[in-house]
Amino acid sequence: IIDRVLADDGDEGGKERLAELLVRRSRMIKATGGFDRRAKLIRFALSRGYRYDEVMEAVDNIALEEED
């Protein structure tokens, strides 16, 4: 079971959950600057156990959506 879970790297559901979590968290952050907001989102997601590369991708996508 462990090997199967570790081998499953294409967890799209996990990425969607991460994106939803970060969008909700972004609304609660009181930071005014983009850099501070981004840093807080990254720290938050990493503290939840998400991988760095997944977190960076999700934060970049959220930043692009907020700019539009």
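1. Let's start with Arg51: in this predicted model, Arg51 comes out as partly exposed, at 39% relative accessibility. Keep an eye on this residue, as the next two points come back to it.

2. Who does Arg51 pair with? One partner is Asp53, in a salt bridge whose closest N and O atoms sit 3.2 Å apart. Asp53 is also partly exposed, with 46% relative accessibility. Another partner is Glu54, where the closest N and O atoms of the salt bridge are 3.7 Å apart. Put together, Arg51, Asp53 and Glu54 make up a network of salt bridges.

3. Is Glu54 buried or exposed? Glu54 is buried, because its relative accessible area is 16% and the cut-off for buried is under 20%.

4. Asp60 bridges to Arg38, with 2.7 Å between the closest N and O atoms. Asp60 belongs to helix H4 and Arg38 to helix H3 (residues 34-47), so this pair ties together parts 22 residues apart in sequence. As for accessibility, Asp60 is partly exposed at 34%, and Arg38 is partly exposed at 28%.

5. Now have a look at the second largest pocket, which holds about 180 Å³ of space. Its lining has 12 residues, and Lys15, Ala19, Glu57, Ala58 and Asn61 are the ones nearest the centre. Helix H2 (12-28) and helix H4 (52-67) are the elements giving two or more residues to that lining.

6. What is the lining of the second largest pocket made of? The residues split into 6 charged, 5 nonpolar and 1 polar.

Technical notes:
Residues are numbered from 1 along each chain as its sequence is written. This is a predicted model: local features need pLDDT of at least 70, side-chain atom pairs count only at pLDDT 80 or more; totals for chains, interfaces and linings use all residues. Side-chain values use heavy atoms; hydrogens and water are left out. On a 1 Å grid over the protein atoms alone, a cavity is a set of points where a 1.4 Å probe fits but cannot get out, and a pocket is an open set with protein on both sides within 12 Å along at least five of seven lines; lining residues have an atom within 4 Å of a point. Grid points are joined across faces, edges and corners, and a volume is the space filled by probe spheres set on the points. Helices (H or I, at least four residues) and strands (E, at least two) are DSSP runs, numbered from the N terminus. Ala, Val, Leu, Ile, Met, Phe, Trp, Tyr, Cys and Pro count as nonpolar, Asp, Glu, Lys and Arg as charged, and the others, Gly among them, as polar. A salt bridge is a side-chain nitrogen of Lys or Arg within 4 Å of a carboxyl oxygen of Asp or Glu. Buried means under 20% relative accessible area, exposed over 50%, partly exposed in between (1.4 Å probe, protein chains only).
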